[in-house]
Amino acid sequence: MSVVTLRVNGQEVAVPAGASLLEAARAAGVELPTLCHLEGLTPVGACRLCLVAPEAGGRLLPACATEAAEGMAIRTDTEELQRYRRMAVELFFAEGNHVCAFCVANGDCELQDVAVAVGMDHSRFPYRYPHRHVDASHPQFALDHHRCILCTRCVRVCDEIEGAHVWDVAMRGSQCTIIAGLDEPWGDVEACTSCGKCVDVCPTGALFRKEDTTAEKHPHAERAELLRRAREQHQWSNQ
Amino acid sequence: MPDTPPSPADAPAAVSAKLRLATVWLAGCSGCHMSFLDLDEFLFDLAERAEVVFSPVASDLKAFPENVDLCLVEGAVANVDNLELALTLRQHSRMVVSFGDCAVTANVPGLRNLLTGPEAVLERGYVELADSGAQLPHAPGIVPELLEKVLPLHEVIPVDLYLPGCPPSAERIRAAIEPLLHGQPPRMEGASMLRFG
């Protein structure tokens, strides 16, 4: 196995070739905030919370979706990065309709977690209050678009792990949305196996089980990695 | 973008004299005030250090007083009375705390912003959903008119400290106001102090 060495915040680390900057940061003991990233799924760099700054200057890099290179030197916690991260989280809150008080995920929500991590005590951006809808057509699950942050974990887990590809992303800009099938009600999509993996990996209260009410959702985001490792390395870490 | 983290200079300095404390209830459910009352025996310590000069739960005054050191504001700004009180309390308070998720984010009262304007909101609430006696409330000078949109407090007046939570727990309230009684800014970080909901 070949190895690349690089510097994270001045500290030398060695990671396997092909590892991401996020893995390199973790090897250096640095925990970066993430939302779209999930172990076991292909990285997409959608949420921009894990941005890091190359010491050589130039544009900021999403650590989850950037391969570590030999001799690279990055900073993970500059004032500029802290400012951008907090701004990004505030924009997530302002963009959708995130009302924690009665959300199914209240208390076990990764959006709440990153808000704490970046020190967000309020949003400096006015809330948009977009008109979105709830798809409750599936017999077991529902999708509340008001709470969706477009991380695409559901799209990826359904495609890469379950192999059903029920979910996709449609439209652009502020109209951008998750769709089921060919933009059909979820309950009408025959490809859906009702496996619930999308619900397990959703970082917010957007995807949930119908029997769960306020603060009753407890996701299992680790299942994507567990299944991936079981299939590819025949390791069953839950046993 | 206004962003005013509290500095020690902004914190109430009166350590020897009693701190003049006000609490205000705008568009909220009063849950933050209930949580405030959950401070239990700390309320005795608080009473020794602070004089409650205006509060829906501890005073019968109707007019907001002058020279307030610390003002906790629960609730979003939803109607003309809320707006007037918000402007008044800012004028007469040295430190204003956005107290709870409704003040910080507009929270549940802000959900009416999904409808376009007060007319649509009143129509929905008092006519479409009425079981009987459907009529729009109309009593100028008595029932305050709704604002076009429900706003978080900091979009109306400058706020010195944000205390999120729905409601903020009594422990969180104490951790925020205890340092203020000694003229120190509280450390607003970590899930115990910042988590919404």
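In chain A, three strands form an open sheet in the order 6-7-10, with antiparallel pairing (strands pair if DSSP finds at least two bridges between them; strands, E, of at least two residues and helices, H or I, of at least four are DSSP runs, numbered from the N terminus). The edges are strand 6 (134-135) and strand 10 (207-209) of chain A, each pairing on one side only. Three bridges join strand 7 (residues 141-144) of chain A to strand 10 of chain A in the antiparallel sense, and A:Leu143 stands opposite A:Leu207 of strand 10.

The model is a predicted one, in which local features need pLDDT of at least 70 and side-chain atom pairs count only at pLDDT 80 or more, while totals for chains, interfaces and linings use all residues. Residues are numbered from 1 along each chain as its sequence is written, and chains are lettered from A and ligands numbered from 1 in the order in which they are written. The predictor assigns the complex an ipTM of 0.93 and a pTM of 0.93. For chain B, the average pLDDT (the predictor's confidence in each residue, from 0 to 100) is 93, and 92% of the residues score at least 70.

Chain A splits into domain 1 (3-77) and domain 2 (84-233), with bounds that come from an automatic or database domain assignment. Their C-alpha centres are 25 Å apart. Across the boundary, 14 residues of domain 1 are in contact with 23 residues of domain 2 (contact: C-beta atoms, placed from the backbone, within 7 Å). The domain 1 side comprises ten nonpolar, two polar and two charged residues (nonpolar: Ala, Val, Leu, Ile, Met, Phe, Trp, Tyr, Cys and Pro; charged: Asp, Glu, Lys and Arg; polar: the others, Gly among them).

Beyond its neighbours within four places in sequence, A:Cys154 is in contact with residues including A:Trp167, A:Ile178 and A:Leu207.

Between the chains, 26 residues of chain B are in contact with 18 residues of chain A. Helix 4 (101-105) and helix 7 (191-194) of chain B each supply at least two residues to the chain B side, and helix 4 gives the most, with three.

Conventions:
Two residues are in contact if their C-beta atoms, placed from the backbone, lie within 7 Å.
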